[in-house]
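Please read this briefing with the sequence and the structure side by side. Topics are grouped, and each point stands alone.

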Amino acid sequence: MEKIRDSTGCPPDICGTDECFVFRTTGECFEDIHHEFHPRREYKTGLERKFREIPEFKTILCRASHQLIHAMIDKRIEPLPEKPDRVFMLNALQEARRSTMVNN
């Protein structure tokens with residue numbers, strides 16, 4: 001299993017309570033993966049998709065927190081992450097492979 005950069009998880013004081021809108025609407029609280037580089041529709045080529053899946057660029061978040069991040073971007077409160085150029089992506093993939101080899 002790949003190592004993901006960070007896990008913020010569900011906040012214990014909110015998770016599973018009516019303060020969590022995900023719990024209020026679905027009856028359950030859960031975590032999912034947030035990609036630092038998004039939206040997915042902007043990453044079309046094989047290189048771009050592989051780059052986006054580098055574990056260091058993913059975080060496990062409480063679903064409510066994850067939706068909040070995207071809502072802030074949709075409402076233009078926070079800027080959309082800038083898509084890196086091809087050279088940056090190639091270097092990041094090369095470094096990720098190097099890091100994987102060292103850690104195994």
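In which helix do Arg98 and Glu95 both lie, and how many residues apart are they? Both lie in helix H4 (residues 86–103), three residues apart, about one turn of the helix. Helices (H or I, at least four residues) and strands (E, at least two) are DSSP runs, numbered from the N terminus.

This is a predicted model, in which local features need pLDDT of at least 70 and side-chain atom pairs count only at pLDDT 80 or more, while totals for chains, interfaces and linings use all residues. Residues are numbered from 1 along each chain as its sequence is written, and side-chain values use heavy atoms, with hydrogens and water left out.

**Salt bridges**

- Side chains of opposite charge can pair when their charged atoms come close.
- The structure holds four salt bridges. The term means a side-chain nitrogen of Lys or Arg within 4 Å of a carboxyl oxygen of Asp or Glu.
- One of them joins the side chains of Arg98 and Glu95, at 2.7 Å from N to O.
- Arg98 is partly exposed, at 40% relative accessibility. Glu95 is also partly exposed, at 43%. Here buried means under 20% relative accessible area, exposed means over 50%, and partly exposed lies in between (1.4 Å probe, protein chains only).
- Arg52, Glu53 and Lys58 are linked in a network of salt bridges.
- Glu53 meets Lys58 at 2.9 Å, N to O.
- Arg52 is buried, with a relative accessible area of 10%. Lys58 is buried too, at 4%. Glu53 counts as partly exposed, at 35%.

**Strands E2 and E3**

- Strands E2 and E3 run antiparallel, joined by five bridges. Two strands pair if DSSP finds at least two bridges between them.
- Ile33 has Ile60, in E3, as its bridge partner.
- E3 covers residues 58–62, and four of its five residues are buried.
- In a regular strand the side chains alternate between the two faces of the sheet.

**The nonpolar core**

- The largest nonpolar core has ten residues: Phe37, Tyr43, Leu47, Phe51, Ile54, Phe57, Met89, Ala92, Leu93 and Ala96. Such a core is a set of buried Ala, Val, Leu, Ile, Met, Phe, Trp, Tyr and Cys residues joined through side-chain atoms within 4.5 Å.
- H2 and H4 are the elements that give two or more residues to this core. The largest share, four residues, comes from H4.
- Phe57 sits in the loop between H2 and E3. Phe57 is buried, with a relative accessible area of 15%.
- Not counting residues up to four places away in sequence, Phe57 touches His34, His35, Glu36, Phe37, Phe51 and Ala92. Contact means heavy atoms within 4.5 Å.
- Phe57 and His35 are 22 residues apart in sequence, but 6.1 Å apart in space, C-alpha to C-alpha.
- Leaving aside neighbours within four places in sequence, Phe37 is in contact with Tyr43, Phe51, Arg52, Phe57, Glu82 and Pro84.

**The loop between E2 and H2**

- His38 lies in the loop between strand E2 (31–35) and helix H2 (46–52). Pro39 lies in the loop between E2 and H2 as well.
- His38 is buried, with a relative accessible area of 6%.
- Neighbours within four places in sequence aside, the contacts of His38 are Tyr43, Arg52, His70, Ile73, Leu80 and Pro81.
- The peptide bond from His38 to Pro39 is cis, with omega near 10 degrees.

- The twelve residues of H3 should span 16 Å at 1.5 Å a residue, and the end C-alpha atoms are 16 Å apart, which agrees. The expected span of a helix is 1.5 Å times one less than its number of residues.
- Ala64, His66 and Ile73 are buried in H3.
- Just after H3, Arg76 takes a positive phi of about 65 degrees, although Arg76 is not a glycine.
- Arg76 belongs to the loop between helix H3 (63–74) and H4. Arg76 is exposed, with a relative accessible area of 73%.
- Most residues other than glycine have a negative phi, and most peptide bonds are trans.
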